[in-house]
Amino acid sequence: MTTTAQPTEAATAVTTWLAEFGAALAANDPAGAAALFTEDCFWRDLVSFTWNFRTFEGRAEITRMLEATLPRVRPAGWAVTDGEEPAEADGVTEAWIDFETSVGRGHGHLRLRGGQCWTLLTTLYELKGHEEPKRLRRPRGAEHGANRDRTSWLEDREHESRHLGVTEQPYVLIVGGGQAGIGLAARLRQLSVPAIVIDKRARPGDQWRSRYKSLCLHDPVWYDHMPYLKFPDNWPVFSPKDKIADWLESYTTIMELNYWPSTEAKSASYDEAGQEWTVNVERDGEAVVLRPKQLVLATGMSGQPNLPAFPGMDKFRGDQHHSSAHPGPDAYRGKRCVVIGSNNSAFDICGALWESGADVTMVQRSSTHIVRSATLMDIGLSALYSEQAVDSGITTEKADLIFASIPYRIMHLFQIPLYDQMRERDKDFYDRLERAGFDHDWGDDGSGLFMKYLRCGSGYYIDVGAADLVANGDVKLVRGQVDHLTEDAVVLADGTELPADLVVYATGYTSMNGWAADLISREVADKVGKCWGLGSDTTKDPGPWEGEQRNMWKPTQQEALWFTGGNLHQSRHYSLFLALQLKARQVGIPTPVYGLQEVHHLS
Ligand SMILES: Cc1cc2nc3c(=O)[nH]c(=O)nc-3n(C[C@H](O)[C@H](O)[C@H](O)COP(=O)(O)OP(=O)(O)OC[C@H]3O[C@@H](n4cnc5c(N)ncnc54)[C@H](O)[C@@H]3O)c2cc1C
């Protein structure tokens, strides 16, 4: 006799909810569906319902969204994902779910509280009829049989390289061949969307090679995989910059990307009537005009230096450069170096200069949040991105979705307790920093590094050793605003004079829409508005509340203009949804955007 396992209470709660939810949606009953949510609910949709990235808060917003989208989306097939048992902890039941829309298939994540939905994540992962050629659908490679017109893989690749962008136009042009550009290009290739990536630098990976020589990734390997191609099991935890550069270069070859190195986009304009871009590029010194339908700026969030303009900079006789142009410490042994700024780059550069025997002063202008790398790994990341997480079945894709399932509005509430733990664990470290006069903060609401990153992309240092140099005085710390430079010194507003042979401006980067201003026009940059940030009304992230990061991976106010970027985790995860949006447009699937974001800030 066989016995059948009884469903757990959690599984029953989830299947009951999904059945009721599915029925309300099938009956085209937005209010009925919304009534299945708690009053303080959130529904985050990545493309599947809205062709947009949107988080809806409360039943009224959900009702309005469903009223607008249900007839077109026709969602169905709501079910718990095979092999994923719903689980309950602390009164919250969590489940992985699958569903379909009229045009695609989706994954989702559900949190129930008291039988009602508290948070729902819905994401589109493939378009029907345009599934990626993977696993059972993978290409055969060899074509068995006899064929007089046979061409080899290499001949096909060469044919494509000769013609794309010359006799045939790409559907998508990606400007910027860093990890964001090439990750997106890899996804577009799998979706058969003709795309070219251009980069002004000579070799893929050069953006990492060009950074200061001591740089290693601050994020651990589990967080950093590129789409499709994971790092091998023996890859270092923190990838040295030249190693990641070589990996990215290999990636462009292995993923068969149409990558044009030494190619700079000089200008671009959009023909609204013809729905086409004209992009003037210089390829190996020669002018080429490309006419893609879609233009993606993958030019880097840390790409356009924010260089301050202090009086006297023109008089200063030593070396001075933005941190992005800092070559490393070798030329500065025994020299007096002043580093303006106190975030990641400033600390990295100060540390390397000190190691090479320079006399180093850091100028701290405003407070910085510091977390020790090991502590961040243990407390902040290990549940999702670590060897232990992998061992417990949390794949990278799953970790990305779990992270995405937490609505930005309440994410800080999940983060604050973690940072409280970090504060406790490293109390001695923070006491020492404070005694050295360092102005340290934990974010406006104590939510720490990730929230700072999402809100403004700056204001922190992941400590890999240089903080101790500041705490113990090996790197001198001066607090204040720079007033001006003289021929041989930096002078602060309080009159403090810092003699210098080298000044490094570790003063960060400007908003990505600055790239649009450079390449297209100020008008288009302003039409699109600021990139990044959530509208949290915290430091450097002015309100109103947006709920999603401004302009990233989703439609902008400028038709056919897109932005991608961010850290390796974000460009890996969100590139899928950007690729699907582009694919849908390429094959003529209607993509009415629900709730296109408004512009509240220009930069
Ligand atoms: C010091 C430092 C440390 C960092 N550490 C980490 C880390 O540990 N983990 C992490 O995930 N991120 C880190 N980052 C952030 C980092 O910038 C990114 O993760 C990564 O470089 C972003 O990739 P991207 O593809 O978005 O942009 P980028 O790598 O900046 O690439 C943009 C590309 O656009 C090209 N480009 C610009 N304009 C044009 C044009 N007109 N025509 C053609 N090409 C153009 C540039 O040449 C460049 O290659 C760090 C950044 C810095 C500065």
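Rings of Phe, Tyr and Trp pair if their centres lie within 6.5 Å, with the six-membered ring standing for Trp. Keep that cut-off in hand for the first stops. The model on screen is predicted.

**Stop 1: the aromatic cluster**

Select Trp17, Phe21, Phe37, Trp43, Phe49, Trp78 and Phe99. Together these residues form one aromatic cluster. Across the whole structure, a search finds 31 aromatic pairs.

Now keep Phe21 and Trp43 and hide the rest. Their ring centres are 5.7 Å apart and their planes meet at 65°, so this pair is edge-to-face. Colour by secondary structure next. Phe21 sits in helix α1 (residues 9-26) and Trp43 in strand β1 (residues 37-46), so the pair ties together parts that are 22 residues apart in sequence.

**Stop 2: an aromatic pair across the chain**

Select Phe53 and Trp553. This aromatic pair is stacked, at 6.5 Å centre to centre and 20° between the planes. Which parts of the chain does the pair link? Phe53 belongs to strand β2 (residues 53-57), while Trp553 is in the loop between α17 (522-528) and β25 (561-563); the two are 500 residues apart. Phe53 is buried, and Trp553 is too.

**Stop 3: the ligand**

The shell holds 32 residues, and the closest are Gln179, Ala180, Asp199, Gln207 and His218. Colour the shell by class: 12 residues are nonpolar, 14 are polar and six are charged.

Then ask which elements supply at least two residues each to the shell. They are α5 (179-190), α6 (206-209) and β11 (263-271). Strand β11 gives the largest share, with three residues.

- From a ligand nitrogen to a backbone N or O atom of Lys200: 3.1 Å.
- From a ligand nitrogen to an N or O atom in the side chain of Asp219: 3.1 Å.
- From a ligand oxygen to a backbone N or O atom of Leu568: 3.0 Å.

On its own the ligand has 970 Å² of accessible area, and the protein covers 93% of that.

**Stop 4: the cysteines**

Show the cysteine sulfurs. How many disulfides are there? The count is zero. A disulfide needs two cysteine sulfurs within 2.5 Å. Centre on Cys41. Its closest cysteine sulfur is that of Cys117, 6.9 Å away, which is too far for a bond. Cys41 is buried, at 1% relative accessible area.

Move to Cys216. This residue is in no disulfide either, and the nearest cysteine sulfur, in Cys350, is 17 Å away. Is Cys216 buried or partly exposed? Cys216 is partly exposed, with a relative accessible area of 31%.

**Stop 5: Asn258**

Go to the loop between α7 (241-254) and β10 (259-260), where Asn258 is placed. Why does Asn258 count as buried? Its relative accessibility is 9%, and buried means under 20%.

Show its side chain and look for polar partners. The side chains of Asn258 and Glu160 are joined by a polar contact of 3.1 Å. A polar atom of the Asn258 side chain also lies 3.4 Å from the backbone oxygen of Ala195.

**Stop 6: Ala525**

Select Ala525, found in helix α17. Ala525 is buried, at 0% relative accessible area. The separation is 7.6 Å in space, against 77 residues in sequence.

**Stop 7: backbone details**

Finish with the backbone torsions. Select Gly543 and Pro544. A cis peptide bond joins them, with omega at about 5°. Pro544 is in the loop between α17 and β25.

In that loop, between α17 and β25, also select Asp537. Asp537 is not a glycine, yet its phi is positive, at about 60°. Asp537 counts as exposed, at 62% relative accessibility.

Last, select Tyr228, in the loop between α6 and α7. Tyr228 has a positive phi of about 75° although it is not a glycine. Is Tyr228 buried or partly exposed? Tyr228 is partly exposed, with a relative accessible area of 33%.

Methods. Residues are numbered from 1 along each chain as its sequence is written. This is a predicted model: local features need pLDDT of at least 70, side-chain atom pairs count only at pLDDT 80 or more; totals for chains, interfaces and linings use all residues. Side-chain values use heavy atoms; hydrogens and water are left out. A residue is near a molecule or strand if one of its heavy atoms lies within 4 Å of it. A polar contact is a pair of N or O atoms within 3.5 Å; within protein, one must be able to donate a hydrogen and the other to accept it, and residues adjacent in sequence count only if both atoms are side-chain atoms. Accessible areas come from the Shrake-Rupley method with a 1.4 Å probe; for residues, only the protein chains shown count as cover. Helices (H or I, at least four residues) and strands (E, at least two) are DSSP runs, numbered from the N terminus. Ala, Val, Leu, Ile, Met, Phe, Trp, Tyr, Cys and Pro count as nonpolar, Asp, Glu, Lys and Arg as charged, and the others, Gly among them, as polar. Buried means under 20% relative accessible area, exposed over 50%, partly exposed in between (1.4 Å probe, protein chains only). Rings of Phe, Tyr and Trp (its six-membered ring) pair if their centres lie within 6.5 Å; planes under 30 degrees apart count as stacked, over 60 as edge-to-face and the rest as tilted.
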